[in-house]
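User: I would like to learn how to read pockets, cavities and salt bridges in a structure. Please take them one at a time.

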Amino acid sequence: MLIKSDDLLSGKHGKTGHFVRFYDDTELLLDEVAGFLGRAIRARGHGIVIATGAYGDALRGRLDALARAEGHATPPAWDLTWLDAETTLARLLVDGWPDRARFLHEIGRLVSVACADGRPVHLFGDMAALLCARGRYDAALQLERLWNELARQLDFSLFCAYPWHLFPAADVAHVFRQVCAEHKHACADATARLPKGRTVDINLVRLEQKVRALQAEAARRRQAEEDLRQRERELDDFVENAAEGLHRVGADGTILWANKTELQMLGYRWEEYVGHHIARFHVDAEVIDDILARLAAGEAVLDRPARLRCKDGSIRHVVIRSNACFEDGRLRYTRCFTRDTTDYVHSLDEVARGRASHAQLQDALVAARQAEDGFLALLGQGLRRMRMWRDPAPRERAAGARQLRRLMRLVDGRLRRGAGSRLQYRFSPFEGRVVDNLRQQFIAFSVEAEVLKFGQFITKAGRQSPYFFNAGLFHDGATLGKLADFYAQTLLDSGLEFDMLFGPAYKGITLASATAVALAAKGRNTSFAYNRKEAKDHGEGGTIVGAKLAGKVVIIDDVISAGTSVRESVAMIRAAGAEPAAVLIALDRMERGGKDGVLSPLSAVQEVSQTYGIPVISIASLADLFGYLETDPALAQYKDAVAAYRQQYGVA
């Protein structure tokens, strides 16, 4: 039966009962619960509150105010028991389900003690509402049944409360009906007008739930419609203001719609573009005809190059991606994405023109080199004739002879290199200069001997390098002899004045001795020396083996990493009274030292040259290595990795 809350508080419907109140206004509910508890206390009865923390605090405040207003003592002098709903509910549940034994132990004993003296007992609880809030309506109904079982054994009044929002839609109406069925009375809202003297069916509350559910459903539909409109606005904004051109074309080829980007790209106003046939704007009729035919056949067009005519008469190069919409087997329209590639196409044209210009430059360089070779041949012939001249002054004659020998070596070396190679010169975009073939021959030789490898390697510095050079793999007579020939030719071509070679232990020993042999084969007999790691205390003694260190000394090694061997070699040469003239190495990695984030501004080679004031000559460098990758298709896959490595660690 549906009753007024005032009738419940007045006891009009009996001293005991199981009541339910559905509410929206929390403050009004708490006032009613406080009055319900106060009625028992005024009759010297007992009150039991099982509520959440917020409800419990609010009820304490109201009961305090009620007691003060009536001139009674304030709690805790009143007979009130307070339980936290969350904690108490947790003690009642087994696997999420209210357990009868636990209910009787936790709640039954408490109510039994309160009812023992026969005085009225009023309880308020919202544990069932907590279960509904978790979606456990079935568990809430089970808890209500346990309360009813207890009410059949003991005399007490139970006031239950459920927020209306726990029954928001028609799909929980059956649960709502069962909740009502588990209660003796339902309390109407304070503002509801009920007829006097007549019984009002509880179905009125159920009707209210239906009304509220319909109202909630209507609100959800209104929100869904607003969300849909918002998504439509967002979609319109997305396509209209997309950074890529978009348009839709009808089955007959007429443009139905185009976004701002496409109109701006071609320079047309809406009415100048939309409503016209798409073929009108294509430069190449065969291209658009083919696109339309493929779309009509149900094919997708992916990245198809095309040329479009702008309003000002200019041509835009584009790439088209398009597919079609069919309904009942009939073409309705096509969707088209148009990407502007004009700048890219122009860049390709520039590259093609640059390559043509580069080819012309190469031809000019070859012609210039041939002219230079002819001039050098005449010059060499003239210099040889000059050797026969006699100068009356011995000192001047000796100086002239040295100068003539140096010029002759330079000219002969140039001529030998020019005559012995298929590709004498090549322009390297990586270096921005013309490079000679000797360096490329050395790189090719190192790759063939598997001394230079490409892949992923960890260097001594802990870096992941795309290439690795290990001169220790020149370990047979043929490869060592060819390597020595590269060292010797590089040294002669440098035009450097030197008197002897020095090889630091251990790799330098073999390199210096083999280079001396190669120099002798080229007509330059040169002495050499090397050092031991430990001093010898018998025989010739000391750490230096070979010729006495004197004059201008060239230090020969494979690479320069930390510069330790160069530093020790310079110290030994100067200690002997000789002069370090240069350092000759196989490969200059052109790589800065230090760790990531704290890289040195100079490479190890540059630091050596700057520290000791002597040149460092290399047979080849990282730049030559990259140039070789440009010409070898088998190794082209490593070009980007080498370029990235130099970008990160390299020096100019």
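Predicted model: local features only at pLDDT ≥ 70, side-chain atom pairs only at ≥ 80, totals over all residues.

User: Which element gives the largest share of the lining of the largest pocket?

Analyst: Helix 18 does, with six residues. The elements that give two or more residues to this lining also include helix 17 (507–521), strand 20 (527–536) and strand 23 (579–588). By class, the lining of the largest pocket holds 17 nonpolar, eleven polar and twelve charged residues.

User: How do I read a cavity, and how many of 30 Å³ or more are there?

Analyst: A cavity is a space where the probe fits but cannot get out. There are four cavities of 30 Å³ or more. The largest cavity has a volume of about 130 Å³. Its lining has 16 residues, with His247, Ile278, His282, Ile288 and Cys336 nearest the centre of the cavity. Helix 12 gives the most to this lining, four residues. The classes in the lining of the largest cavity are ten nonpolar, five polar and one charged.

User: What lines the second largest cavity?

Analyst: Among the lining residues of the second largest cavity are Asp126, Met127, Leu143, Glu144, Trp147 and Tyr162. The space in this cavity is about 70 Å³. Helix 6 (127–133), helix 7 (137–151) and strand 8 (157–163) each supply at least two residues of its lining. By class, that lining divides into eight nonpolar, one polar and two charged residues.

User: How should I read salt bridges?

Analyst: Side chains of opposite charge can pair when their charged atoms come close. The whole structure has 29 salt bridges. In one of them, Asp624 pairs with Arg439, with the closest N and O atoms 2.7 Å apart. Asp624 lies in helix 20 and Arg439 in helix 15, so this pair ties together parts that are 185 residues apart in sequence.

User: Is Asp624 buried or exposed?

Analyst: Asp624 is buried, with a relative accessible area of 0%. A contrasting case is the salt bridge between Arg119 and Asp117, at 2.6 Å from N to O. Arg119 is partly exposed at 37% relative accessible area, and Asp117 is partly exposed at 40%.

User: What does the salt bridge of Glu272 and Lys311 tie together?

Analyst: In this pair the closest N and O atoms are 3.0 Å apart. Glu272 lies in helix 11 and Lys311 in the loop between strand 12 and strand 13, so the bridge ties together parts 39 residues apart in sequence. Salt bridges that share partners join Arg269, Glu271, Glu272 and Lys311 into one network.

Conventions:
Residues numbered from 1 in each chain as written. Heavy atoms only, no water. 1 Å grid on protein atoms, 1.4 Å probe; cavity = no way out; pocket = protein on both sides within 12 Å on 5 of 7 lines; lining within 4 Å. Points joined across faces, edges and corners; volume = space filled by probe spheres on them. Nonpolar A, V, L, I, M, F, W, Y, C, P; charged D, E, K, R; others polar. Salt bridge = Lys/Arg side-chain N within 4 Å of Asp/Glu carboxyl O. Buried < 20%, exposed > 50% of the residue type's maximum accessible area, 1.4 Å probe, protein only.
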